[in-house]
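Good morning, and thank you for coming. Please keep the structure in view while I speak.

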Amino acid sequence: MPAADPFDNDVIDRAAGLAPGDALHAARRFRAKVVEATQASHDALLEQPVDGLSTADRLRVAAHVCAIARAATLAKHYEARLAAHPDRDAAPSPALAAMLVFGAALTTDPRQGDRAAIDALRRAGLRDPAIVALAQLIAFLSYQLRVVAGLQAMRASRTGTP
Amino acid sequence: MIRRNGFTDETLEWRSWLEPLALDDASALQLEVLDESHAQSRTSPYYLTLAHQPLMLRHRSAAYNAIMYAPGGLPRAERELGAMVVSVANGCVYCTSVHAQRFEQLARRSDTVEQVFDDPASAGTTDRERAIARFAIAVTERPDTLRADDIAPLRAVGMSEEEIIDLLHAVAIFGWANRLMQNLGEPAGATTS
């Protein structure tokens, strides 16, 4: 029998190490709507069907972006989702390289955004609705990894770690 | 009107580099999500661009609106201060103009806005504002090395756990909002009002 899982299915709680019953887990529920909408964003960004943008490629982009940002627990989360995905062994999109470049640039310095980056995605075969989905995913990850980092710092500050 | 260092609190337009959704082509779901996202979204190139993915926009708007507008917790002017500091640090001229205006409306003053435009990392007219600005910069620029020492100054100026969570959300979601504004289009000239 597997050991009891102390966490619920909220990705941010898991990545920040907040289990139900922890004071900070409870404090986060002060904004229950934010918690719900954040998890629903994560789910929609990965799973809503988008022409030309598979869930497996989205997971590859997410794992790459989190690794670049040194968001270790989130990178593990997306790698594990990819490893468990039925399409994990299917060939990635020919546009994946362009997606990873876009994701890395957007994550490390939002000032790098320009029209040429959008045109590169179009040339790689992405249509505008797929570009919107990809940009939303990458921009969301910048939010998600900062919430996790902030909660981890708050957790350390409660336990007296500097 | 404040213009400094490439930033302004004037009302700007925003132009999409993608093809915004044409209202005539919008599905019932797209119209519903546009209307629940923002009062003027049917005429906004930004929302019409994001409406290509209505369910992604729906959950983003739910998170954004709860973070920036929900009652209680951190005073709204301070959420706007966090949003403005992040927008300047990220170089998002459009977002900065919107949230400088909101801060001015809620706080009924603009001294802090001038300071943020000049140097967001040292901005603030009180210890509490300075702690908020410094935290917003830390979360924006070095999320990978955030630690308890970054939380202590917020507690020292009297912020509760719930207020710190509100600030963290407001600051983090501008990591999201700025990246959309800066990577799907660009600010256009000021509208004459």
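H4(B) passes H6(B) in a right-handed crossing; a crossing is right-handed if the near helix is turned clockwise from the far one by less than a right angle, and left-handed if anticlockwise. Helices here are DSSP runs of H or I with at least four residues, strands are E runs of at least two, and both are numbered from the N terminus. Helix H4 covers residues 76-89 of chain B and helix H6 residues 111-118; their axes are 9 Å apart, at an angle of about 25°. Axes are lines fitted to C-alpha atoms, for helices over the stretch in contact, and angles run from 0 to 180 degrees between N-to-C directions. The angle makes H4(B) roughly parallel to H6(B), a term for angles under 35 degrees.

This is a predicted model: local features need pLDDT of at least 70, side-chain atom pairs count only at pLDDT 80 or more, and totals for chains, interfaces and linings use all residues. Residues are numbered from 1 along each chain as its sequence is written, while chains are lettered from A and ligands numbered from 1 in the order in which they are written.

Which residues meet between these helices? B:Leu81, B:Met84, B:Val85 and B:Val88 of H4(B) meet B:Thr112, B:Val116 and B:Phe117 of H6(B). Two residues are in contact if their C-beta atoms, placed from the backbone, lie within 7 Å. The residues of this contact comprise 6 nonpolar, 1 polar and no charged. Ala, Val, Leu, Ile, Met, Phe, Trp, Tyr, Cys and Pro count as nonpolar, Asp, Glu, Lys and Arg as charged, and the others, Gly among them, as polar.

Next, B:Ala133, which has its place in helix H7 (residues 127-141) of chain B. Is this residue buried or exposed? B:Ala133 is buried, because 26 other C-beta atoms lie within 10 Å; the cut-off for buried is 20 or more. Beyond its neighbours within four places in sequence, the contacts of B:Ala133 include B:Leu81 and B:Val85, and also B:Val116.

I turn to the domains. An automatic or database domain assignment gives the bounds, and chain B is divided into domain 1 (14-69) and domain 2 (74-186). Domain 1 of chain B gives 12 residues to the contact and domain 2 gives 9.

Finally, the two chains: 46 residues of chain A are in contact with 45 residues of chain B. On the side of chain A, H8(A) supplies the largest share, 21 residues.

Definitions and conventions
Parallel < 35°, antiparallel > 145°, perpendicular 65-115°, else oblique. Buried ≥ 20, exposed ≤ 12 C-beta atoms within 10 Å, placed from the backbone.
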